Amino acid sequence: MTTPPTSPARLALVGAGLIGTDVHLPRLVRRTDVEVVAIVDADADRARAVAERFGVPRHTTDLDAVLDDAGVDVIDLCTPPTLHRPQVHAALDAGKDVILEKPLATTFEDATAVAARAAASPERTMMVAENWVYSSAGSALRSLVEDGALGDIQLWSSRHESDHRLPKGGQPGWNYDLRGSGGGYLMQAGTHAVSLGRSLFGEIEWVDATSPQASGDGDPFLDHELAAVVGFRSGVIGSLTLTGRSHRAGARVLRQAVFGTDGTVDADILSGEVTVAGLRFEPPGEVSMGFDEEFDHFLACRRDGRTPRTSAADQLETLRTVTAMYRSAATGARVTVGSIA
């Protein structure tokens, strides 16, 4: 049994792109329980610029050298999901704890391999960075559901409307390559809603999805819009609508609604606003999209030897559901989630 760590976790961030520089690093460098010791990126100039920007002492293109370094405890992977399987295996083999930006992998086969490798390393802490589950609105919803404040839950509605897939100029990144990223906006953003729904109501039994991009030829790689009805094993019925081409003024919409026999709650992940029966609900703590909290959770699990809420095994079930949604939309048939293997 490993000794629980007491000194700051020495962390190397791998992948100095948008998520790494706009979400992970600004939060990690201000923590007292983390020391960011290296930036790794395939682009040497970008690695150097990001290291200088955040005051990180080391930058390199050589991930193997960082994995071999006993002075690195945690690998934070913010890389394209096509790289997740080999990089997670390499990091765990090197004895490192791992934070992995969602999604778990691009295919269910690769995701299964990642989850199996994590299960074979019980001494290591591995968490998938799935922030909605840790957000203030998500935590408030979970508290209301678990406390029985809404009575028996009947329905759940999730609306994800953003402009992230609208052309913005410049060279499109890897996330616009449907096969390279494992799918379109459902894989890249819809995983948030699926993970949140599972954390609230348990596992999803079946999905019935459709998309205006579906060709009917069974090709699951759909880009922009999707709507789905899902049936949870608990009996709750949910609906999910997702678009990355929302032409709207103002902020994107990440709204959730839960309907129970004794009450209804509306919440927005982005603003943190939560209302119960039209009255504002004040959740404990700060309004947050969950980014700081997911790091809090990872470090607490690492210290205490606990399995993170969004473990590889947990997120394998999210990817199983996402895969079922793609298959349903592509074929026009209801798909049992358990049939994805």
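A residue is called buried here when its relative accessible area is under 20%, exposed when over 50%, and partly exposed in between (1.4 Å probe, protein chains only). The structure is a predicted model, in which local features need pLDDT of at least 70 and side-chain atom pairs count only at pLDDT 80 or more, while totals for chains, interfaces and linings use all residues. Residues are numbered from 1 along each chain as its sequence is written, and side-chain values use heavy atoms, with hydrogens and water left out.

The protein holds 10 helices and 15 strands, where helices (H or I, at least four residues) and strands (E, at least two) are DSSP runs numbered from the N terminus. Of its 341 residues, 55% count as buried. With contact taken as heavy atoms within 4.5 Å, 69% of the contacts between residues at least 6 apart in sequence join residues at least 24 apart.

The buried residues are Ser-136, Ala-137, Gly-138, Ala-140, Leu-141, Arg-142, Leu-144 and Val-145. Helix 6 is followed by Gly-148, which has a positive phi near 75°.

Helix 4 (residues 84–93) has its own set of buried residues: His-84, Gln-87, Val-88, Ala-91 and Leu-92. These cover an arc of only 125° around the axis, and so they sit on the same side of helix 4; the arc is that of the directions from the helix axis to the C-beta atoms. Among the elements that cover them are strand 1 (9–14), helix 3 (63–67), strand 4 (74–77), strand 5 (97–101), helix 5 (108–119) and strand 6 (126–129). Just after helix 4, Gly-95 takes a positive phi of about 80°.

Helix packing comes next, with axes being lines fitted to C-alpha atoms, for helices over the stretch in contact, and angles running from 0 to 180 degrees between N-to-C directions. Angles under 35 degrees count as roughly parallel, over 145 as roughly antiparallel, 65 to 115 as roughly perpendicular and the rest as oblique. Helix 4 packs on helix 5 at an angle of about 10°, with the axes 9 Å apart, and the two are therefore roughly parallel. On the helix 4 side the contact is made by His-84, Arg-85, Val-88, His-89, Leu-92 and Asp-93, and on the helix 5 side by Glu-109, Asp-110, Ala-113, Val-114, Arg-117 and Ala-118. These residues divide into 5 nonpolar, 2 polar and 5 charged, where Ala, Val, Leu, Ile, Met, Phe, Trp, Tyr, Cys and Pro count as nonpolar, Asp, Glu, Lys and Arg as charged, and the others, Gly among them, as polar.

Helix 5 also packs on helix 10, at about 170° and with the axes 9 Å apart, so this pair is roughly antiparallel. Phe-108, Ala-111, Thr-112, Ala-115 and Ala-118 of helix 5 meet Ala-312, Ala-313, Leu-316, Leu-319, Arg-320 and Thr-323 of helix 10. By class, this contact has 8 nonpolar, 2 polar and 1 charged residues.

Helix 10 (residues 312–331) has a further partner in helix 8 (residues 185–201), at an angle of about 120° and with axes 9 Å apart, which makes helix 8 oblique to helix 10. Helix 8 contributes Tyr-185, Leu-186, Met-187, Thr-191, Val-194, Ser-195 and Arg-198, while Asp-314, Gln-315, Glu-317, Thr-318, Leu-319, Thr-321, Val-322, Met-325 and Tyr-326 come from helix 10. The classes here are 8 nonpolar, 5 polar and 3 charged residues.

Some single residues complete the picture. Ala-341 lies in the segment after strand 15 (335–336) and counts as exposed, at 91% relative accessibility. Leaving aside neighbours within four places in sequence, Ala-341 is in contact with Phe-108 and Arg-320. Thr-125, in the loop between helix 5 and strand 6, is buried, with a relative accessible area of 7%. Not counting residues up to four places away in sequence, Thr-125 touches Asp-97, Val-98, Phe-298, Cys-301, Arg-302 and Pro-308. Finally, Pro-103 is placed in the loop between strand 5 and helix 5, and a cis peptide bond with omega of about -5° joins Lys-102 and Pro-103.
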